[in-house]
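Let's walk through this structure together, starting with charged pairs and then turning to packed helices. Keep the view open as you read.

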Amino acid sequence: KKAIAVMTSGGDAPGMNSNVRAIVRSTLFKGCRAFVVMEGYEGLVKGGPDYIKEFSWEDVRGFSTEGGTNIGTARCLEFRQREGRLLGAQHLIEAGVDALIVCGGDGSLTGADLFRSEWPSLIKELLDTQRISKQQYTRYQHLNICGTVGSIDNDMSTTDATIGAYSALDRICQAIDYVEATANSHSRAFVVEVMGRNCGWLALLAGIATSADYIFIPEKPASNGEWEDQMCDIVSKHRSKGKRTTIVVVAEGAIDADLTPITPKDVHKVLCDRLGLDTRITTLGHVQRGGTAVAYDRMLATLQGVEAVNAVLDSSPDTPSPLIAINENKITRKPLVESVKLTKSVADAIHSKDFKKAMSLRDTEFVE
Ligand code: ADP
């Protein structure tokens, strides 16, 4: 019987539990053995039955209605070193695992692909140092890897949505709605900072959904010395028409055209000094990751979990590792390596000030 393991890695995202549940149950449904790796790559490096656990149908009962990830996640420095990955390979073989499905962000999926490409040399070294038997060496010649994207940032290229993004967006919108009520009562301005690292998706969509006055995102940096005037003109216009609230959304990665970060404090200062507005800063922080997943993320994670198991069972040693995506409402398979590479190239384009390229790589056509 084939054994398929799932792990969650990197930042947690609502919907990861639905993904794990679907992967475990699909694996069992297909007549295979299901395993979970606890605490992301740390569980691989530590190994043993406390970290690589066989799961039954009942072990994932109720997972879909719970936020975060029940099998734990971590950032693991050792896995970035070859020695850590060598231990990971040994522990997977000891547990009898044939395939690994990783639900995480681009960092986790980069690690997964590296692990697979190194696999032949890792098992050779394990054999040579007698950490695995000749039989195990022959049996575990290939490690099947598959990625599902769990990230609230929606920052992975080649997929329209990542697991957790719509939940985080919903939470941000709720929080801004709350702030809006108090803004209206006191005629205040609020500067709201939202997560997203290099990606402005959460800030942009939250800004549109809550009809914010002004939005800062990394892909479309504000011109130096111009954003202040532009923002003040827009806010003043809205105020002159009787609007009692001002909401400005600032993405975590907001920058100006010189790549200097634009912080909520910078925006606060301009609104106070130039417009004399009673302005407050709201940093939503980890509330954005928390809580249960919205229905869309549960559905996405479930469908993608089923597809991940299908992809693992379909793959052969010479097919590239797949990443499970969603494009135009269809669950699809993409080459994992290319998706990760494309994602990195967006960040690179931003850092080299090629914002046009960054924008085109994002596939977010309505940004202009
Ligand atoms: P995310 O998956 O959310 O992008 P990270 O970038 O923190 O989060 O990656 C999560 C973990 O994946 C890291 O702590 C590390 O163990 C592993 N990882 C990330 N990048 C690599 C890499 N280049 N090589 C090996 N492992 C990596």
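A salt bridge here is a side-chain nitrogen of Lys or Arg within 4 Å of a carboxyl oxygen of Asp or Glu. With that in hand, look for Asp 106, Asp 153, Asp 155 and Arg 197, which are linked in a network of salt bridges. By this rule the count comes to 19 salt bridges.

A quick word on what you're looking at: this is a predicted model, where local features need pLDDT of at least 70 and side-chain atom pairs count only at pLDDT 80 or more, while totals for chains, interfaces and linings use all residues. Residues are numbered from 1 along each chain as its sequence is written, and side-chain values use heavy atoms, with hydrogens and water left out.

Now for some individual pairs. Start with Arg 33 and Glu 54, whose side chains meet in a salt bridge with N to O at 2.7 Å. Arg 33 sits in strand β2 (residues 33-37) and Glu 54 in strand β3 (residues 52-55), so this pair ties together parts that are 21 residues apart in sequence. Arg 33 is partly exposed at 31%, and Glu 54 is partly exposed at 41%.

Next, find Asp 98 and Arg 139, a salt bridge whose closest N and O atoms are 2.6 Å apart. Asp 98 belongs to the loop between α3 (82-95) and β4 (99-104), and Arg 139 to helix α5 (residues 134-139), so parts 41 residues apart in sequence get tied together. Asp 98 counts as buried, with 9% relative accessibility, whereas Arg 139 is partly exposed at 43%.

Arg 333 is in strand β11 (residues 330-335) and Glu 307 in helix α10 (residues 295-314), so the pair joins parts that are 26 residues apart in sequence. Arg 333 is partly exposed at 36%, while Glu 307 is buried at 17%.

On to the helices. Two packed helices are described by the angle between their axes and the distance between the axes. Axes are lines fitted to C-alpha atoms, for helices over the stretch in contact, and angles run from 0 to 180 degrees between N-to-C directions. Helix α11 (residues 336-351) and helix α12 (residues 355-362) pack at about 155°, their axes 7 Å apart. That makes α11 roughly antiparallel to α12; angles under 35 degrees count as roughly parallel, over 145 as roughly antiparallel, 65 to 115 as roughly perpendicular and the rest as oblique. Contact means heavy atoms within 4.5 Å, and in α11 the residues Leu 342, Ser 345, Val 346, Ala 349 and Ile 350 meet Phe 355, Lys 357, Ala 358, Leu 361 and Arg 362 in α12.

Helix α11 has another neighbor to look at. The axes of helix α4 (residues 106-128) and α11 come within 10 Å and cross at roughly 140°, which makes α4 oblique to α11. Here Asp 106, Leu 109, Thr 110 and Asp 113 in α4 meet Leu 336, Val 337, Val 340, Thr 343 and Lys 344 in α11.

Definitions and conventions
Helices (H or I, at least four residues) and strands (E, at least two) are DSSP runs, numbered from the N terminus. Buried means under 20% relative accessible area, exposed over 50%, partly exposed in between (1.4 Å probe, protein chains only).
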